[in-house]
Amino acid sequence: VTVLYYNPNIDDEMEYEKRKAEQIRLLEQTGWADFIDCDHDKQVFEEMAKGLENEPERGARCYRCYELRLEKTARVAKENGFAWFCTTLSLSPYKNADWLNEIGQKLGGRYELNYLVSDFKKKGGYHRSIELSNEYGLYRQDFCGCRFSKR
């Protein structure tokens, strides 16, 4: 398993670095996965969000953000010779797993990869994530990271 850290949506540099450091710390502590770090290119997110600034949370802007992030994930997976890709975003009760799966399957076809259809919050997954966060002393953010979700 390899974790791709790609979050151009995170507006604040300190927040971005804090989340990345937590991811690295967890992976170093557990050895659960390898880690690929992508650049923090906020401008890519801002360009994607143009014209969608007034969309409600969980609306069209979020759908486009899912596409942006999953596209990068699929591209990096293909470049690195992986056969599968997925996203942990479906763990959040605030993220639309149906949209994520729709986008992931579409991109899987485009990049000739398998997409792991998932809704990790189901079957107690979200509650298990809280337990694991407590067990490992992880920082849990209360917003997605984009400047719009801070509203």
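**Group meeting: a look around Glu15**

Okay, let's start with Glu15: leaving out residues up to four places away in sequence, Glu15 touches Ile10, Tyr139, Gln141 and Phe143, where contact means heavy atoms within 4.5 Å. Quick caveat: this is a predicted model, where local features need pLDDT of at least 70 and side-chain atom pairs count only at pLDDT 80 or more, while totals for chains, interfaces and linings use all residues. Numbering runs from 1 along each chain as its sequence is written, and side-chain values use heavy atoms, with hydrogens and water left out.

So where does Glu15 sit? Glu15 is in helix H1, residues 13-30; helices here are DSSP runs of H or I, at least four residues, and strands are E runs of at least two, numbered from the N terminus.

Is Glu15 buried or exposed? Glu15 counts as buried because its relative accessibility is 12%, and the cut-off for buried is under 20% relative accessible area, with a 1.4 Å probe and protein chains only.

The Glu15 side chain has polar contacts, too. One is with the side chain of Arg19, at 2.7 Å, and another is with the side chain of Tyr139, at 2.7 Å. A polar contact is a pair of N or O atoms within 3.5 Å; within protein, one must be able to donate a hydrogen and the other to accept it, and residues adjacent in sequence count only if both atoms are side-chain atoms.

Zooming out, the protein chain has five helices and four strands, in the order β-α-β-α-α-β-α-β-α along the sequence. Of its 151 residues, 40% count as buried.

How values were computed. Buried < 20%, exposed > 50% of the residue type's maximum accessible area, 1.4 Å probe, protein only.
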